[in-house]
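Please have the sequence and the model open while reading.

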Amino acid sequence: MPVMANELIILNVYDMYWINEFTSTLGIGVFHTGIEVYGREFAYGGHPYPFSGIFEITPGDATELGETFKFKEAIAGSTDFMEEDVERIVEELGKEYKGNAYHLMHKNCNHFSSAVSEILCGREIPRWVNRLAYFSSCVPFLQSCLPKEWLTPAALQSSVSQELQGELEEAEDAAASASLASMPSCSSSSSPSSLPRLPRHQPRR
């Protein structure tokens, strides 16, 4: 009989507190969310590149997101998925939630959290968390008015830098290998000469 997990899953809600001082009068708030499960917190943000916008932070640590974020509350549930299943699900969602696919109204951090919540525990996140997305349909230019750190939190900026560095190192390795392959081989009658092996860099994913 297969082993079923009963793991706590938490929706961590963060307040963009200085913005909410103004938007609260309109009945909306600007919130960031992440899904905490198995001691890891997964979230989504935007960047201009065609790879995953999903990133991790220390669960509940608003300082990793940036100075404008403040932890607001946690909403708990449970899931039967094992840890390795969660990793596969998040990896698969990364194909849909790419950084350059971010859209305030259709695909923001709260849409991602809701998608993960639906898969893991069968229910969406509370509607009030993502009310800004519905409001933005009436104000099309709203996304351009939001601060960059809400769209791309500090932890995601660091993750993007590592991803780009990994791709650069891969490209450099490929160029070096191609250069070596195109060089004429040298040999002597006594013993063949050999070129030193270049170190391989592992891509940082």
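Contact here means heavy atoms within 4.5 Å. The model is a predicted one, in which local features need pLDDT of at least 70 and side-chain atom pairs count only at pLDDT 80 or more, while totals for chains, interfaces and linings use all residues. Residues are numbered from 1 along each chain as its sequence is written, and side-chain values use heavy atoms, with hydrogens and water left out.

- Helices (H or I, at least four residues) and strands (E, at least two) are DSSP runs, numbered from the N terminus.
- Two strands pair if DSSP finds at least two bridges between them; β2 and β3 do so over three bridges, in the antiparallel sense.
- V37 stands opposite R40 in β3.
- β2 and β3 form a hairpin with two residues between them, and Y38 in that turn has a positive phi of about 55°.
- β3 and β4 also run antiparallel, joined by four bridges, with F55 in β4 as the bridge partner of A43.
- Four of the five residues of β3 are buried (under 20% relative accessible area; exposed is over 50%, partly exposed in between; 1.4 Å probe, protein chains only), so β3 is largely enclosed by the rest of the structure.

- I57, in strand β4 (residues 54–57), is buried at 7% relative accessibility.
- Leaving aside neighbours within four places in sequence, I57 is in contact with Y14, E41, E64, L65 and A155.
- N108 lies in the loop between α2 (83–96) and α3 (109–121) and is buried at 1% relative accessibility.
- With neighbours within four places in sequence left aside, the contacts of N108 are Y44, Y102, H103, N130 and A133.

**Aromatic rings**

- Rings of Phe, Tyr and Trp (its six-membered ring) pair if their centres lie within 6.5 Å; planes under 30 degrees apart count as stacked, over 60 as edge-to-face and the rest as tilted.
- The structure holds seven aromatic pairs.
- One of them, Y14 and F71, is edge-to-face, at 5.6 Å centre to centre with 80° between the planes.
- Y14 lies in strand β1 (residues 7–16) and F71 in strand β5 (residues 69–79), so this pair ties together parts 57 residues apart in sequence.
- Y14 is buried at 0% relative accessible area, whereas F71 is partly exposed at 35%.
- Y44, Y97, Y102 and F112 form one aromatic cluster.
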